[in-house]
Amino acid sequence: MGDWIYLIVGIAVLGVAALAGLVTSGRRRRIEPPRGGTDVITPPPADGDVEAPVEETPAVVVPEGPTAPATPTLERPEGTASRLVRLRQRLAGSQGGLGRGLLALLSRDRLDEDTWESIEDTLLTADIGVAPTQQLVERLRTRLRVDGASAADARTVLREELLELVDPTMDRRLQVSGEDGRPGVVLVVGVNGAGKTTTVGKIARILVAEDRTVVLGAADTFRAAAVEQLATWGERVGVEVVRGPEGTDPASVAFEAVKQGTERGVDTVIVDTAGRLQNKAGLMDELGKVKRVIEKQAPVTEVLLVLDATTGQNGMIQARVFSEIVNVTGIVLTKLDGSAKGGIVVAVQRELGVPVKLVGLGEGADDLAPFDAGAFVDALLG
Ligand code: GDP
């Protein structure tokens, strides 16, 4: 009998020990460090579902050891692949109303004249412009003639027609490379307040994320704040900013920036410019001179016009004025996060015959993304 008790107690002790082992090994397993490092960029999910976990950025590069030099800590900007995925929800948030409104109208039991008029109004309110609106309504009328088209049909047709208007065939690549050992030169123009300086800083980050070397030219010399602002953008990612004292001739700063960029053998020089629109002749002289002096050293490979998407028709007027002054090769639409007027993408491309290449979707340092027609239309449809 006594032996039995010893045996039972022994088994019980062994059992408890085994259980404790399992628990601790489980715990140990849980605190194992994640494999594969921390700076993995989440690839865009195939179906564009934004619920995928979003990688936080930017990762900070920590200097080595306690005796690290006193240089500012450099940020590592977010790679381009994950940007639009991360920002798509923001785009859908501000633009989704347009697509949802249209879909609701198109899925009505009867597509009568009143409904078509409402569809037209919805498109005009989103700043798509008169001609594209008429074209779209005409196409939708033809394709959805049958009363009571199913919601799925309406969505498919609307997606196809919107995509056609936004034009997925346009070449939206930024021309940031030069030839014959010279840097690519990106000239950034637009009215004050459009988000020009911010965009220059954000583009620099995109290029740095792609391991390109960059020099910035702070040629908006009329505003000390713009120069300071750009200097800060540059410092954050270790990009040199060429600047002059307040009031310096913008052309001389642009010249110096391209000269330094060439001497250093960098890939791209981005030049910020002043955007005072009070006087078109003055602006024309100024931008013309900036371009001429730059081209004494290297051709300008890209002229980006920065437009604030919230300014509607005013933005269109600016687009016209600037396209008369300089040969705009790409459009950056900023503040799309705060505007339900995404239709301006269509209007401005039509007006200038130039693609929207980048979209600004927030005030964060990496809230600028390459424009993608399909992702944009999907965001419109919510
Ligand atoms: P600039 O005068 O054209 O150089 O304009 P700034 O670069 O100084 O920008 C003007 C303001 O617009 C700043 O407060 C920026 O943070 C803001 N801004 C620029 N781009 C965007 C954007 O895409 N979204 C939002 N919400 N704000 C932006």
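This is a predicted model: local features need pLDDT of at least 70, side-chain atom pairs count only at pLDDT 80 or more; totals for chains, interfaces and linings use all residues.
1. A polar backbone atom of Lys335 lies 2.9 Å from an oxygen atom of the ligand, and a polar backbone atom of Ala194 is 3.2 Å from an oxygen atom of the ligand. As for cover, the ligand has 590 Å² of accessible area on its own, and the protein covers 81% of that.

2. Now the shell as a whole. The ligand is surrounded by 18 residues, and the closest are Gly193, Lys196, Thr197, Thr198 and Glu363. Sorted by type, the shell holds 9 polar, 6 charged and 3 nonpolar residues. Helix H6 (residues 196-209) gives the largest share of the shell, with 4 residues.

3. Over to a helix pair. Helix H2 (residues 83-106) packs with helix H3 (residues 113-125) at an angle of about 170°, and their axes are 10 Å apart. Angles over 145 degrees count as roughly antiparallel, so H2 is roughly antiparallel to H3.

4. Which residues meet where H2 and H3 pack? From H2 come Leu98, Leu102, Leu105 and Leu106, and on the H3 side they meet Thr115, Trp116, Ser118, Ile119, Thr122 and Leu123. By type, this contact of H2 with H3 has 7 nonpolar residues, 3 polar ones and no charged ones.

Note on methods
Residues are numbered from 1 along each chain as its sequence is written. Side-chain values use heavy atoms; hydrogens and water are left out. A residue is near a molecule or strand if one of its heavy atoms lies within 4 Å of it. A polar contact is a pair of N or O atoms within 3.5 Å; within protein, one must be able to donate a hydrogen and the other to accept it, and residues adjacent in sequence count only if both atoms are side-chain atoms. Accessible areas come from the Shrake-Rupley method with a 1.4 Å probe; for residues, only the protein chains shown count as cover. Helices (H or I, at least four residues) and strands (E, at least two) are DSSP runs, numbered from the N terminus. Ala, Val, Leu, Ile, Met, Phe, Trp, Tyr, Cys and Pro count as nonpolar, Asp, Glu, Lys and Arg as charged, and the others, Gly among them, as polar. Axes are lines fitted to C-alpha atoms, for helices over the stretch in contact, and angles run from 0 to 180 degrees between N-to-C directions. Angles under 35 degrees count as roughly parallel, over 145 as roughly antiparallel, 65 to 115 as roughly perpendicular and the rest as oblique. Contact means heavy atoms within 4.5 Å.
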